[in-house]
Amino acid sequence: MNGVLHRPGDSPVHRLPPQVKIVAAVVSVLCVVATPREAFPAFGIYLLAITAVWFVARIPPTWFASRALIELPFVVLAFALPFTGHAPYADFFGVAVSVEGALAGWNILAKGTLGVLVSLTLAATTAPQDLLLGLQRLRMPSVLVTIATLMLRYAEVVVAEAKRMRVARISRGDDPRFLWQLGATAKGVGSLFIRSYERGERVHLAMVSRGWTGRMPDGRGSVAVEAVPATTTAPALLVEKLAFAYPDGHQALYGVNLRVERGERVAVLGPNGAGKTTFVLHLNGVLSGGSGRIEVAGLPVTKENLREIRRRVGVVFQDPDDQLFLPTVRQDVAFGPANFGLRGEELDERVRAALAAVGMSDVADRSPLHLSGGQRRRVALATVLACDPEVLVLDEPSANLEPVARRELAEVLLGLDRTMLMVTHDLPYALQMCPRSVLVDGGVVVADGPTREILADADLLARHRLELPYGFRLD
């Protein structure tokens with residue numbers, strides 16, 4: 001959507017504060033709506049004013065013309081009203097047309113077209129993220145800004161998902177253009193809605209894990225939270241008797257115990273449904289409400305400490321598309337540290353350093369959705385590194401990566417001086433990355449030791465539905 005409606009530029013119109021442009025657009029639309037339909041010259045003046053803005057913004061009218069087709073149904077209605085309205089009638093080139101119908105059609109055509117053009121002008125000269133910040137600065141209710149944020153962020157993802165579903169249907173002999181495929185199309189729309197809802201939940205978790213509190217950081221002032229000094233003698237991570245059940249009654253964790261020292265790299269292994277992701281989401285307080293105790297460098301994971309905990313524990317989610325939700329890579333990487341109070345040059349430097357650490361400096365101004373899978377994975381890692389966490393938690397980092405991208409990511413991770421917890425089904429990757437592994441199954445830790453020894457225990461792996469890839473040897 002960003003690429004469809006927004007046209008980047010550096011004109012005086014583009015540089016105006018977004019709240020000014022939003023107010024100007026709203027006032028313009030109200031003036032158009034309030035203008036009597038018989039005031040024909042006024043509508044011409046409005047159109048001239050809009051085209052003047054286009055000239056200053058250096059955007060050709062043809063760019064707007066193709067996008068104004070969205071109002072085509074209303075245009076058809078406007079042209080039909082003169083022929084369907086009631087008396088009195090007037091002769092127009094030998095055809096009787098309703099005077100009232102003609103005026104009503106003109107009213108729809110003029111006001112609707114001008115309203116669409118004003119909206120397109122606002123969208124063309126204001127980036128989506130700036131629109132959200134403008135609404136926030138105008139003190140719109142935070143819940144409305146939040147809803148608009150999530151809708152805007154995932155419009156492109158939903159469209160891309162719909163395109164992939166369409167291609168999959170065509171590849172199996174379906175043609176969505178035919179009327180007899182209408183039922184399959186409707187089912188596809190229903191499936192897309194469910195997928196979008198589930199993705200929205202995952203996006204919210206990713207936002208919360210990076211310090212989001214319901215307000216978009218706008219770069220003004222400071223909301224910095226003073227860092228709580230770490231206890232130097234405490235382990236990087238301490239988990240004792242952690243148990244948790246979901247609201248539907250499903251018990252995911254039955255009493256997990258784990259101690260991770262500073263600088264350790266530990267793999268968390270286990271079959272699907274073992275409770276690994278549930279465990280990870282407890283480490284920075286995204287999930288809570290169970291029993292047991294968790295400490296990060298001596299600081300308990302409690303409600304009053306959540307902001308500092310989320311700064312200390314960075315979670316990189318399995319699907320990069322859940323973690324990358326802003327229009328550009330730079331904005332996505334800045335999201336976390338801005339939530340934790342960084343501003344100005346300090347924030348810019350943190351973003352530059354994080355992107356440089358993962359070798360993605362050259363994509364800073366690109367859309368995350370236009371990157372390859374391996375690139376998105378590294379940018380997702382940068383979004384967390386920018387928060388400067390003490391503990392880095394990675395959920396299936398090698399999933400769906402081609403061999404080269406998998407190796408490149410490993411090189412980046414091995415070069416980081418961080419305590420690392422890596423959830424993975426990729427046993428060779430665990431051996432490469434982590435000297436120590438813990439095996440979780442049934443909501444408890446069933447094995448903890450050197451990775452090579454755990455992987456060499458074929459009976460242990462078999463009991464917990466794990467196995468090494470065919471042909472892989474430990475010697």
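1. Leucine 401 counts as buried because its relative accessibility is 13% (buried means under 20% relative accessible area, exposed over 50%, partly exposed in between, with a 1.4 Å probe and protein chains only). Leucine 401 sits in the loop between strand 9 (391-395) and helix 17 (403-414), where helices (H or I, at least four residues) and strands (E, at least two) are DSSP runs numbered from the N terminus. Leaving aside neighbours within four places in sequence, its contacts (heavy atoms within 4.5 Å) are Gly373, Gly374, Arg377, Arg406 and Leu409.

2. This is a predicted model, in which local features need pLDDT of at least 70 and side-chain atom pairs count only at pLDDT 80 or more, while totals for chains, interfaces and linings use all residues. Residues are numbered from 1 along each chain as its sequence is written, and side-chain values use heavy atoms, with hydrogens and water left out.

3. Helix 3 (residues 18-34) and helix 7 (residues 99-125) pack at about 175 degrees with their axes 9 Å apart, axes being lines fitted to C-alpha atoms, for helices over the stretch in contact, and angles running from 0 to 180 degrees between N-to-C directions. The two helices, helix 3 and helix 7, are therefore roughly antiparallel (over 145 degrees; under 35 is roughly parallel, 65 to 115 roughly perpendicular and the rest oblique).
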